[in-house]
Amino acid sequence: MKARVMFSGGKDSALSAILLDPYFDVELVTCTFSLVDVGKIARKVADELGFAHSVVELERSVLDEALEMAVEDNFPKNAINHIHSHALEKIAAGGSVDMIVDGIRRDDRVPRMDISRLRSIEDRYGVHCASPLQGFGRAAVDLMVCEHLEVEEGLSDRISKADYETELRYLIRQEYDDEKVLSIFPEHVQSRVLRKIKEKTTN
């Protein structure tokens, strides 16, 4: 069975892929609007992890709609959820996949998918949508990450990642300015995977 894992290069999506690897043919997929070369960022991490990787182009209109939401709300939650929903839809519509996976944790506030929306995607495209980390809080995820991944962490505006926020920030900066970006996005810590930790050998 084939699982496509929505991949930002961060620890949550990377860990999700690792957990599924024994049971599925895993491919990492990064969605982009081609404003920033996030595909290149994600592909470097995918190569380090040893997974196949592809890039899916999303419609620019989706990002423009997300921009309006973020500016109107002065907060990114609805905008990010809007992009995530369309990304799931686009991957599902592409076919040749049994399961679409994201790295959403139990305590994540964004992205967050409505159950009815997920069921609609599953029913219309004949796929399964899953979040392997849904039952885990951040502390539990970090314990697993320490066993499998070497990561770099830092404030979101200083870590190069292949997530929706990267291109949304870029567009807001182009349309407005840096101050507008800072007013919309709360300061928070992001992670980027550097490499997989080599398996320990036993004597």
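A crossing is left-handed if the near helix is turned anticlockwise from the far one by less than a right angle, and right-handed if clockwise. Helices here are DSSP runs of H or I with at least four residues, strands are E runs of at least two, and both are numbered from the N terminus. The model is predicted, so local features need pLDDT of at least 70 and side-chain atom pairs count only at pLDDT 80 or more, while totals for chains, interfaces and linings use all residues. Residues are numbered from 1 along each chain as its sequence is written, and side-chain values use heavy atoms, with hydrogens and water left out.

**View 1. H4 alongside H5.** H4 passes H5 (residues 115–125) with a right-handed crossing. Their axes come within 10 Å and cross at roughly 15 degrees; axes are lines fitted to C-alpha atoms, for helices over the stretch in contact, and angles run from 0 to 180 degrees between N-to-C directions. H4 and H5 are therefore roughly parallel (under 35 degrees is roughly parallel, over 145 roughly antiparallel, 65 to 115 roughly perpendicular, the rest oblique). On the H4 side, look for Ser 85, Leu 88, Glu 89, Ala 92 and Ala 93, and on the H5 side for Arg 117, Leu 118, Ile 121, Arg 124 and Tyr 125; contact means heavy atoms within 4.5 Å. Sorted by class, that makes six nonpolar, one polar and three charged residues. For the classes, Ala, Val, Leu, Ile, Met, Phe, Trp, Tyr, Cys and Pro count as nonpolar, Asp, Glu, Lys and Arg as charged, and the others, Gly among them, as polar.

**View 2. H3 against H4.** H3 (residues 60–73) and H4 (residues 77–93) pack at about 160 degrees, with axes 7 Å apart. That angle makes H3 roughly antiparallel to H4. The crossing of H3 and H4 is right-handed. H3 brings Val 62, Leu 63, Glu 65, Ala 66, Met 69, Ala 70 and Asp 73 to the contact, and H4 brings Asn 78, Ala 79, His 82, Ile 83 and His 86. The tally for the contact of H3 with H4 is seven nonpolar, three polar and two charged residues.

**View 3. Glu 27 in strand S2.** Glu 27 sits in S2 (residues 25–32) and is buried at 12% relative accessible area. Buried means under 20%, exposed over 50%, and partly exposed in between, using a 1.4 Å probe and protein chains only. The Glu 27 side chain makes polar contacts with the side chains of Arg 4 at 3.0 Å and Ser 54 at 2.9 Å. A polar contact is a pair of N or O atoms within 3.5 Å; within protein, one must be able to donate a hydrogen and the other to accept it, and residues adjacent in sequence count only if both atoms are side-chain atoms. Not counting residues up to four places away in sequence, Glu 27 touches Lys 2, Ala 3, Arg 4, Val 5, Ala 52, His 53 and Ser 54.

View 4. Asp 107 and Phe 136 are 29 residues apart along the chain, with their C-alpha atoms separated by 7.8 Å. Asp 108, also in the loop between S4 (99–101) and H5, is buried at 15%. A polar atom of the Asp 108 side chain lies 2.8 Å from the backbone nitrogen of Arg 105. Pro 111 belongs to the loop between S4 and H5 too, and the peptide bond from Val 110 to Pro 111 is cis, with omega near -5 degrees.

**View 5. Two serines with positive phi.** Most residues other than glycine have a negative phi, and most peptide bonds are trans. Ser 34, in the loop between S2 and H2 (38–49), has phi near 65 degrees and is partly exposed at 48%. Ser 96, in the loop between H4 and S4, has a positive phi of about 55 degrees and is exposed at 67%.

**View 6. Gly 154 in strand S6.** Gly 154 lies in S6 (residues 149–155) and counts as buried at 18%. Leaving aside neighbours within four places in sequence, Gly 154 is in contact with Ile 159, His 188, Val 189 and Gln 190.
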